[in-house]
Amino acid sequence: MSAVDSQANATDAAPAAALDVRDLEVTFHRRGRDLPVLKGVTLHIEPGEAYGLVGESGCGKTTLAMAALRYLAGNGTVDAGQVLVEGRDVSTLSEEALRKWRGEAVAMVYQDPATALSPAMRIGDQVAEVFRYHEGLKKAEALERARESLRRVALPDPDATLRRYPFELSGGQQQRVVIAMALAVNPHLLVLDEPTTGLDATVEAEILDLIEELRGRIHAAILLITHNLGLVAHLCERVGVLYAGRIVEEGPARELFTDPRHPYTMGLLRCAPRFGMNKTDAALQTIPGTLPALGEPLAGCVYSARCPMAKPVCTRREPDLYAWPSDAGVKGAAEAEAMPPDPVAYSPHHASPVGEAARHARCYFSAQVPEMPQMAPVVGASLEARGASSGDVLEIKAVERTFKDGRKRLTAVHDVSLNLKHGETFGLVGESGSGKTTLAKCVTGLIAADSGTVTFEGKLMRSTAGRRSQDALRAIQMVFQNPDSTLNPAWSTRAILTRSVRKLAGSRSGSVRAKVDKLSADVRVEPRFLLQKPADLSGGQKQRIAIARAFAGDPRLVVCDEPASALDVSVQASILNLLVELQTSESVSYIFISHDLAVVRYISDRIGVMYLAELIEVGSAEEVFNPPHHPYTEALLSSIPKLDFDRRLQRIPLRGAMPSLSEPPTGCRFHTRCHRFLGDLCVQQEPPIQEAVTGHTYKCHIPPDELLAAQLADRPASPVEA
Amino acid sequence: MARLIGRRLLLMVPTLILVSILVFALAEVLPGNLGRSILGPYATQQQVDILNHHLGADKPLYERYAVWAGHFVTGHWGASLQLGTPVFSTVMRALGNSLLLAGFALVIIVPTSILVGVYAGLRRDSLLDRAITISTLSMTVIPEFVSGVILIVVFAVTLHWLPVSAMPPQGAPFVDRFYYLILPAIPLMLLELGYIARMARVGTVQVLAMPYIRTAVLKGLPRHRVIFGHVLRNALVPTVTVIGSQVGWLIGGLVVVEFLFVYPGIGNMMINAAQFHDVPLLEACVLVVAVLYMLSNLIADIVVALLNPRIRMGG
């Protein structure tokens, strides 16, 4: 079908699709090689519809968005197919028409708002630009409109914000500005590329609410690109699953997530810890293998190499995007068996969905997907199996740490006391800036506490690592969020591990080699990767090496600071499984820091919640996540976008911004934002530590029974999440 | 911001003291001595010693330094031992000449190199970009004494297009001076153009890859607005720093060029003063150049701060 035909058709029918991508093929050219990124992608989004595109990083999601906006990198070319936006072929637009079209008809919101805003330009000028160049307004009028735009995205004090620079705003405020800019001229298509990744759960929820609320007013179609399935479930009507440049499944969000019909979708859904799941229940499912490298020849179905259900026919010929429910897949398999094998080629006609059905899956065996074999042992790790005992391995008492920022004094950790049992995992949650990492660094001695004590295995620890004994250094280790910055890029992984073994285990040369081999086997890194440098490893492999490094000296306590946050969900699952496994085999205790509450809930035995430098709640993982719990915890929990369609909680908005650490609120530190605010009592008096049940304490004026009653009353739909 | 500037100005004081001590010490280890320089090679050693004693040049180093420093800070820069003229006015005249040469070169270098560099950066990997990158790089590696000699031989001696001397004859109108400065300025331009242009190019290439440029383009801004509003301001930050440090060099470091073109600038004066052991003149020259060097760096940092609100407000 030619472009002319399609445009004619589009105008004949009801309004043209907001976005109509047809058999799109995009190739990147790197060092003389052609690397196909998108291999015949077809999708369309109706006006006003929200479409979610999910998949692991590297599968082509962002490339698709960039192709749709005609903004491919210089080495990327559209080899075939079309992108029609409201019936217009994007590739035919002239430079000037393209410019007008961007910003007026389409707009984009980016993953990292901090880098998406021009650093040296005032917010007002950046937003006003849109009006100046699209509506030809004078500077003063444009600024006036910018003010309205900022008001529309509910930024506090728009006048002051207009004069600010991006670095003066918080991450959530920056993202609001980006959204204000995108929506300034009421586009018909809004592309959201990981709009909440990297933001705190509460901020994420705010942004999500804002997008939902604005959607009702602007009627823009949305293309949401994300790896966060919960986000898609929350916002989108339809979903496409992209794998290695191919749409492998497509359908209405609810049906696709509750009844996936492609093994990859099923795998993605099984990887993420369901909310309320704990490691004692079951190990997390993983997707074996890794995403194929760009340009790697794939035999037949793109997913067959990692698919637990793959059969010979899958590598014989690639399946089409078959309608579901139907027997098209079965027929396709039979046809493929009858035809000569053609494992490498895929032809454009394979790309488009077959038939008009709402759901499609690129699999011969969609019918069997619900019975897809489990990829990991289902048994969980019980406390007993881990050899946990009642003795305390770590005791923190009244730890305090203050930083100086110019003339201000910021107390990052205020009067925190907690204890950690042998073989236990203590999860630490809270928004960024709540003091989690500072506390962890006080434990490891990377930062000296100003006052308070850290007792490890009954011995009082010196405040800085440099003054601690060799044994204490070996026994307390840390795993960081970003393995890229922890592993020396110039060394081979074997050299990195060898050094750690020498330093931490003090082994002699003969046994060092054996120890390095054992460590890498323990973290499931194949020996051939030991010869490579970190840059040649995948993110998951790097984090495995970083974990192996921490375990080189047989530690008794490992502090994990967001160890899986930067990884794809399937990789995250395997890292979490690895940590649980190592805990069982090495009988080690963990302090586990994460902003992902489902992850913390999964891996932790006990959980501590931090707010503004204080530990405001401590208890077993299950108790902390269920009422009665601190109103802040309640708000945090309500803010996570979940995959659950039936038991969706009403989000509890946190009022106002996070107060400054230099001037924390009087009385209860949370009173400025609390939805269960009692009045003067909360403002004037520091709340007592209340005990909900033995071992579960929280810092609030409301007694447990009242709190329980109130919290149950507010969420009748789901009294217990676990 | 004001505090930052104040602190930087205060920091200049210890730096200048250190520089003055260093120059004094270095003049001491140079072969020869003041008496010999004044009396020439045919005087007897006895005559030289007597003169040195008269001039106080045989006193211990620290004593001579203390005397000189005491005079210098109270504004008594004294007279040049070589020329007999007051140091202050002599140095200032030479400085004026040097500033004229440096300013002339800069006025051409800065806009040209930024233009060329930014243009190459915007057209990254194009034929033109490669041509610019290679030609500016090859210009940078030619030392100024080589290019200077070639220029003199070709344009002055052979073709007679430009004068050999860098100074017009006495009584010529001031404008003529620029005509005479063309030849000496070219070697400087060749050196600096390549350096600054490459900085501007790299800065542009880096900024173009930033997500906020994508934002600006996808906002539907016209190309000129993207470049002038978003790219340049951020791309030129490293370039400004480099220009700052090069200005210092252009003013005080032109020893070779001034020598080659027999130009009465401060660089030439420094050489002569050092050879003659004319310490008061040498010290004054060096310190004036040091002050200008530090000031130009400070100005560059202020410009950077003006371009970057984060630095401006953090200071």
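Author: Start with a pair of strands. Strand 6 of chain A and strand 7 of chain A pair in the parallel sense, over four bridges. Strands (E, at least two residues) and helices (H or I, at least four residues) are DSSP runs, numbered from the N terminus. Two strands pair if DSSP finds at least two bridges between them. In this pairing, A:Val109 stands opposite A:Leu192 of strand 7.

A word on the model. It is predicted: local features need pLDDT of at least 70, side-chain atom pairs count only at pLDDT 80 or more, and totals for chains, interfaces and linings use all residues. Residues are numbered from 1 along each chain as its sequence is written, while chains are lettered from A and ligands numbered from 1 in the order in which they are written.

Now stay with strand 7 of chain A. Five of its five residues are buried, so strand 7 is largely enclosed by the rest of the structure. A:Leu189, A:Val191 and A:Asp193 point one way from strand 7. A:Leu190 and A:Leu192 point the other way. In a regular strand the side chains alternate between the two faces of the sheet.

Next comes strand 8 of chain A. Strand 7 and strand 8 of chain A also pair in the parallel sense, over five bridges. A:Val191 stands opposite A:Leu223 of strand 8. The bridge partner of A:Leu192 in strand 8 is A:Leu224.

Strand 8 covers residues 221-226, and six of its six residues are buried. A:Ala221, A:Leu223 and A:Ile225 point one way from strand 8. A:Ile222, A:Leu224 and A:Thr226 point the other way. Strand 8 has another partner, strand 3 (residues 50-54) of chain A. Those two strands pair in the parallel sense over five bridges. There, A:Val54 stands opposite A:Thr226.

Last, look at helix 8 of chain A. Its 12 residues (171-182) should span 16 Å at 1.5 Å a residue, and its end C-alpha atoms are 17 Å apart, which agrees. The expected span is 1.5 Å times one less than the number of residues. 11 of the 12 residues of helix 8 are buried, so this helix is largely enclosed by the rest of the structure. Among the buried ones are A:Arg176, A:Val177 and A:Met181. What covers them includes strand 6 (106-109), strand 7 (189-193) and helix 9 (201-218) of chain A.

Terms used: Buried ≥ 20, exposed ≤ 12 C-beta atoms within 10 Å, placed from the backbone. Contact = placed C-beta atoms within 7 Å.
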